[in-house]
Amino acid sequence: MMNYQEEVDMVSQTDKQEQTHLDDVLAKERIVIETDDLDFYYNPEVKALKNINIRIPDKKVTAFIGPSGCGKSTLLRCFNRMNDLIPGAYLEGKVMIEDADIYSEKIRLEELRKRVGMVFQKSNPFPMSIWENVAFGPRVNGIQGKSDLDEIVEFALKQGDLWREVKDRLDSSALDLSGGQQQRLCIARTLANKPEIILMDEPASALDPISTGKIEETINELKKDYTIVIVTHNMQQAARISDYTAFMMLGEMVEMDTTKRIFTNPSVQMTEDYITGRFG
Amino acid sequence: MSQMSYFKKKGDPYIFAAGMGLIISLGMVAWILIVILAKGLGFFWPRDLVEVTLDDGKKYLGEMWEKRDDYDRHETQLKNGNRDLYGIDFVWMDDANIVSSEYPEGAFTFERMEYGNFYGYIVAVNVENQAVTAVDGDIVSKAYDAFELAHQTHDEVVETQQEITDLTEPLTRLQREISLLEIDRADRTEEGRALLERYRKEANEMEQAIAEEYLALNSELEKLVIKDRSIFLSVRTTDGRNKDLQLSHVVRFFAPNQMGIFEKSWHYMGKLWEFVADDPREANTEGGVFPAIFGTVMMVILMSIAVVPFGVMAAIYLNEYAKQGVVTRFIRLSVNNLAGVPSIVFGVFGLGFFIYFVGGSIDQLLFSDKLPEPTLGTGGILWASLTLALLTLPVVVVATEEGLLAVPRANKEGALALGATRWQMIRKVVLPNAMPGILTGLILAISRGAGEVAPLMITGVVKLAPTLALDATFPFLHLDRKFMHLGFHIYDVGFQSPNVEAAKPMVYSTALLLILIVILLNIVAIYVRNNLRKRYKSSTF
Ligand SMILES: Nc1ncnc2c1ncn2[C@@H]1O[C@H](COP(=O)(O)OP(=O)(O)OP(=O)(O)O)[C@@H](O)[C@H]1O
Ligand SMILES: [Mg+2]
């Protein structure tokens with residue numbers, strides 16, 4: 001890996017002047033998430049993110065790709081401050097959402113996480129009924145009326161493309177659903193909070209191809225209304241569903257561009273090597 | 001490789017030793033249970049009455065109790081009762097001296113309120129100066145009629161006494177008030193004198209108002225008492241002594257030698273019911289243990305109410321909020337070691353802290369008018385329960401912590417990612433998931449707490465409590481009261497009783513009951529836990 005390290009460092013020094021294409025495209029978009037020289041440390045010895053500058057556009061799907069351990073999940077979890085849970089971890093630099101620094105004192109954590117929802121790699125429904133799972137977010141955020149909640153649950157399950165399958169058994173346990181249904185339930189659960197941004201960390205990696213296809217369909221539907229950031233190991237998936245793709249390597253952002261350009265004409269050789277499967 | 005070293009490598013000797021150890025411990029547990037079961041349940045069976053004649057002409061009537069073999073001597077123990085006549089109710093006799101033993105049809109067992117069983121023959125039934133003897137026909141059914149009447153009369157006596165107490169109650173209270181004022185020398189001040197004057201006047205009026213009714217009730221009571229005393233059986237012992245048994249002091253009487261197996265079973269059920277549902281008699285060696293059952297169960301419930309919230313909160317704080325490090329490790333270690341502290345130490349702490357300090361302070365603040373007589377500054381069911389709660393706290397903390405650790409991290413993160421606060425996450429996701437662990441803690445706490453006696457002896461248990469901690473008088477729950485407990489009952493009956501021989505079966509029965517109650521409480525908790533487990537089985541796919 002040592003030789004890659006040198007290459008990566010070289011790229012990140014040069015890309016500042018060169019990335020004009022992305023600048024042009026993003027100029028037409030509204031930027032929702034923006035980081036400013038973000039460094040992340042799990043502890044003073046482990047620096048998992050180095051000097052990340054990324055802009056994520058509104059109502060688009062942005063995919064993070066890169067080899068295992070390059071820091072995709074770490075970066076994603078910086079956006080809803082899930083990393084706060086890890087004792088001893090800290091970051092330097094800034095993460096802005098809608099032009100507000102989310103690591104400032106003024107931000108209320110719960111409010112932030114309601115706005116920035118997250119779907120995990122392994123589906124994690126609560127051991128409660130389907131209805132209670134979906135109503136969980138609205139409830140903890142202060143909505144109590146049964147009819148209001150019913151309405152939200154129906155809306156979220158419809159958007160998560162699960163309504164047809166579960167509408168007759170909302171009161172049965174969520175753990176009785178299949179793996180794919182459980183993951184779509186987790187998506188619906190996130191949608192119930194009416195977030196602005198949805199972070200997805202390899203949402204389909206543990207699922208069979210059919211369930212994966214359903215999830216991709218769902219994501220395609222959702223991007224009309226939500227900004228989506230997704231981590232994936234599956235190149236085809238990234239190509240199919242995302243508008244923008246960011247390639248990461250050893251904790252650094254090597255290149256970000258429109259998905260089309262990354263997959264057809266990347267400006268960095270390393271990106272091409274990775275996409276064509278020459279390493280990683 | 002030699003045979004021996006291969007044998008060693010396989011570890012067969014160790015497996016064998018481990019198996020033997022298990023068998024020995026299980027065997028001992030089974031043995032103790034069987035002994036308790038046999039002796040405890042056998043006690044209530046009505047035994048036949050045997051009349052033994054010895055070669056020196058002495059005759060005994062009683063229940064065959066035990067046999068003992070000493071080389072060539074064979075001895076038999078007979079419970080011959082009649083303590084008021086003979087002094088002790090057991091005799092040992094050498095089998096070689098026995099000339100004959102018979103089972104006379106007409107021999108009766110009388111269970112009495114005092115002096116234990118009486119064994120003898122009915123000679124005459126006396127009801128209000130009218131004697132009926134065997135010459136006049138069926139004496140036994142007459143005896144049962146008289147028995148009914150006697151108990152009816154006795155109930156009326158008790159009722160009338162209660163009426164009199166109710167009638168005079170306000171007057172008694174007023175008089176106590178007056179004497180308190182007099183002790184305080186209230187007549188030194190103008191208003192004190194006025195108050196005293198008013199009270200005295202009120203008392204006078206009250207006295208006149210109830211006087212007539214009081215006299216009427218009193219004379220009725222007198223008549224009833226005389227009637228009660230005049231209903232008795234004249235009985236004769238096997239060695240020819242006569243005795244009058246006042247029937248209202250007889251709990252029941254029967255002729256075991258005439259009873260068939262069905263009748264005996266019926267009688268057995270009755271005795272069993274008496275055992276669990278009635279108050280004790282005769283320094284706890286006879287009658288039931290209901291107050292002790294009640295005290296035990298209530299104490300365990302109070303203990304659970306106290307220990308579960310505390311233990312769970314402590315575990316949650318340790319696990320979810322406190323910064324993990326040297327301090328939390330030290331606290332965990334201390335909590336674990338607390339479980340090894342001898343229980344009597346907890347008792348002493350309960351006495352010093354709960355009773356003297358907390359109870360004493362409350363008395364100073366709220367019940368100072370009753371001092372120096374303590375209200376809460378003395379042993380009681382509340383303090384005993386709290387002491388036991390402290391004793392079982394480590395078990396609950398440790399079990400709850402294990403339950404909390406078993407909650408999947410993914411579920412916790414999921415809740416937080418939906419905008420839940422830490423507390424909401426704990427309440428809605430962690431606690432329901434950890435419930436089986438918490439209940440395991442409760443089960444262990446119940447098992448430990450229900451059988452503990454030493455700390456109770458200095459924090460409020462008594463051998464005979466006149467009242468239950470829960471009754472129909474306001475405020476219904478009397479947490480300051482002393483209470484009875486099955487564990488202490490065993491100790492008291494078995495080792496502190498004046499009549500150890502007669503009390504022995506009671507020890508077994510009570511032990512059996514205590515074991516059953518612990519098992520029952522556990523079954524309830526385990527049932528609840530299993531139901532929860534089914535609901536919260538972690539997600540799989
Ligand atoms: N809790 C942690 N403590 C210390 N180091 C960590 C921790 N979590 C992750 N790391 C390290 O940080 C780096 C980035 O991890 P991250 O999980 O973000 O990688 P990733 O790109 O998501 O990988 P994958 O594709 O396998 O999920 C890795 O080198 C990992 O070893
Ligand atoms: Mg990852």
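Predicted model: local features only at pLDDT ≥ 70, side-chain atom pairs only at ≥ 80, totals over all residues.
The shell around ligand 1 is drawn from chain A and consists of Tyr42(A), Ala48(A), Ser68(A), Gly69(A), Cys70(A), Gly71(A), Lys72(A), Ser73(A), Thr74(A), Glu202(A) and His233(A). Sorted by class, this shell contains three nonpolar, six polar and two charged residues. Helix α3 of chain A, spanning residues 72–78, supplies the largest share of the shell, with three residues.

Polar atoms of the shell approach oxygen atoms of ligand 1 from both backbone and side chain. On the backbone side, a polar atom of Gly69(A) is 2.8 Å from an oxygen atom of the ligand, and an N or O atom of Gly71(A) lies 2.9 Å from an oxygen atom of the ligand. From a side chain, an N or O atom of Ser73(A) is 2.6 Å from an oxygen atom of ligand 1. Taken on its own, ligand 1 has 630 Å² of accessible area, and the protein covers 61% of that area.

The interface between the two chains was examined next. Here, 30 residues of chain A are in contact with 24 residues of chain B. About 2,200 Å² is buried between the two chains, and carbon and sulfur atoms account for 61% of this area. Five residue pairs are in polar contact between chain B and chain A, counting pairs in which both residues are at pLDDT 80 or more. On the side of chain B that touches chain A, the elements giving two or more residues are α11 (409–417) and α12 (422–451) of chain B. Of the elements on that side, α11(B) gives the most, with eight residues. By class, the residues on the chain B side comprise nine nonpolar, nine polar and six charged.

Salt bridges were then considered. Over all chains the structure holds 37 salt bridges, and one is found across the interface of chain B and chain A.

Notes. Residues numbered from 1 in each chain as written. Chains lettered and ligands numbered in written order. Heavy atoms only, no water. Near = heavy atom within 4 Å. Polar contact = N/O pair within 3.5 Å; in protein donor to acceptor, adjacent residues only side chain to side chain. Areas by Shrake-Rupley, 256 points an atom, 1.4 Å probe, with all protein chains shown as cover. Helix = DSSP H or I, 4+ residues; strand = E, 2+ residues; numbered from the N terminus. Nonpolar A, V, L, I, M, F, W, Y, C, P; charged D, E, K, R; others polar. Contact = heavy atoms within 4.5 Å. Buried area = accessible area lost by both parts, 1.4 Å probe. Salt bridge = Lys/Arg side-chain N within 4 Å of Asp/Glu carboxyl O.
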